[in-house]
Amino acid sequence: QVQLVESGGGLVQAGGSLRLSCAASGRTDTRYNRGWFRQAPGKEREFVAVINWNGENTYYTDSVKGRFTISRDNAKNTVYLQMNSLKPEDTAVYYCAAGNWGTTTRDYSYWGQGTQVTVSS
């Protein structure tokens, strides 16, 4: 089992930045890929970014390319999502996940509880 805890969400003005963190505990010896998803009110949970187990490969959804950066520090069992040039449409609950490489929720076995990101216009 892997437990994931997100932090770093909050309220920010459009154009601002936030950095989300996701700390893993439990069975962290397994080489899980790590992803970030988000869910806005009334919408389905959608893929944001993924990073492979050693940090050498990343992939982003088109809407965040050039603005968001995913990274990981395996010594700290933590994954980060640096979000710059935030837009009101980025407002959502952000979830981190651990599992296989992929862009759907089915690719991941473990999920955090989510952290709220609100971008005001």
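Trainee: Strand β7, residues 68–73. Which side chains point to which face?

Mentor: They alternate. F68, I70 and R72 point to one face. T69, S71 and D73 point to the other. Keep in mind that this is a predicted model.

Trainee: And which of those are buried?

Mentor: F68, I70 and R72 are buried.

Trainee: Which way does β7 run against β8, and how many bridges join them?

Mentor: The two strands run antiparallel. 6 bridges join β7 to β8, which covers residues 78–83.

Trainee: What stands opposite T69 in β8?

Mentor: Q82 does. So much for the pairing. The turn deserves a look too.

Trainee: OK, the hairpin. How many residues lie between the strands?

Mentor: There are 4 residues between β7 and β8. N77 is the one to check in that hairpin: its phi is positive, near 55°.

Trainee: Changing topic. Where is G16?

Mentor: G16 sits in the loop between β2 and β3. Strand β2 covers 10–13, and β3 covers 18–26.

Trainee: What does G16 touch, leaving out residues up to four places away in sequence?

Mentor: M83, N84, S85 and L86. Take S85: along the chain, G16 and S85 are 69 residues apart. Their C-alpha atoms are separated by 5.5 Å.

Trainee: Now the whole protein. How many helices and strands?

Mentor: 0 helices and 11 strands. From the N terminus on, the order reads β-β-β-β-β-β-β-β-β-β-β.

Trainee: Why call it as compact as a globular protein of that length?

Mentor: Because its radius of gyration is 13 Å, close to the 14 Å that the globule rule gives for 121 residues. The C-alpha trace spans about 40 × 25 × 25 Å along its principal axes.

Trainee: What share of the residues is buried?

Mentor: 42% of the 121 residues.

Trainee: And the contacts between residues at least 6 apart in sequence? What share joins residues at least 24 apart?

Mentor: 55% of them. The G16 and S85 pair, 69 residues apart along the chain, shows how such a separation looks on the model.

Trainee: Surface next. What is the accessible area, and how much belongs to carbon and sulfur?

Mentor: The protein has about 6,300 Å² of accessible surface. Carbon and sulfur atoms hold 43% of that.

Trainee: Last one, charges. How many positive and negative side chains?

Mentor: 13 positive and 10 negative. The centres of the two sets lie 2 Å apart.

How values were computed. Residues are numbered from 1 along each chain as its sequence is written. This is a predicted model: local features need pLDDT of at least 70, side-chain atom pairs count only at pLDDT 80 or more; totals for chains, interfaces and linings use all residues. Side-chain values use heavy atoms; hydrogens and water are left out. The radius of gyration is taken over C-alpha atoms; the globule rule is 2.2 Å times the number of residues to the power 0.38. Buried means under 20% relative accessible area, exposed over 50%, partly exposed in between (1.4 Å probe, protein chains only). Contact means heavy atoms within 4.5 Å. Accessible areas come from the Shrake-Rupley method with a 1.4 Å probe; for residues, only the protein chains shown count as cover. Lys and Arg count as positive and Asp and Glu as negative; His and the chain ends are not counted. The place of a charge is taken as NZ of Lys, CZ of Arg, CG of Asp or CD of Glu. Two strands pair if DSSP finds at least two bridges between them.
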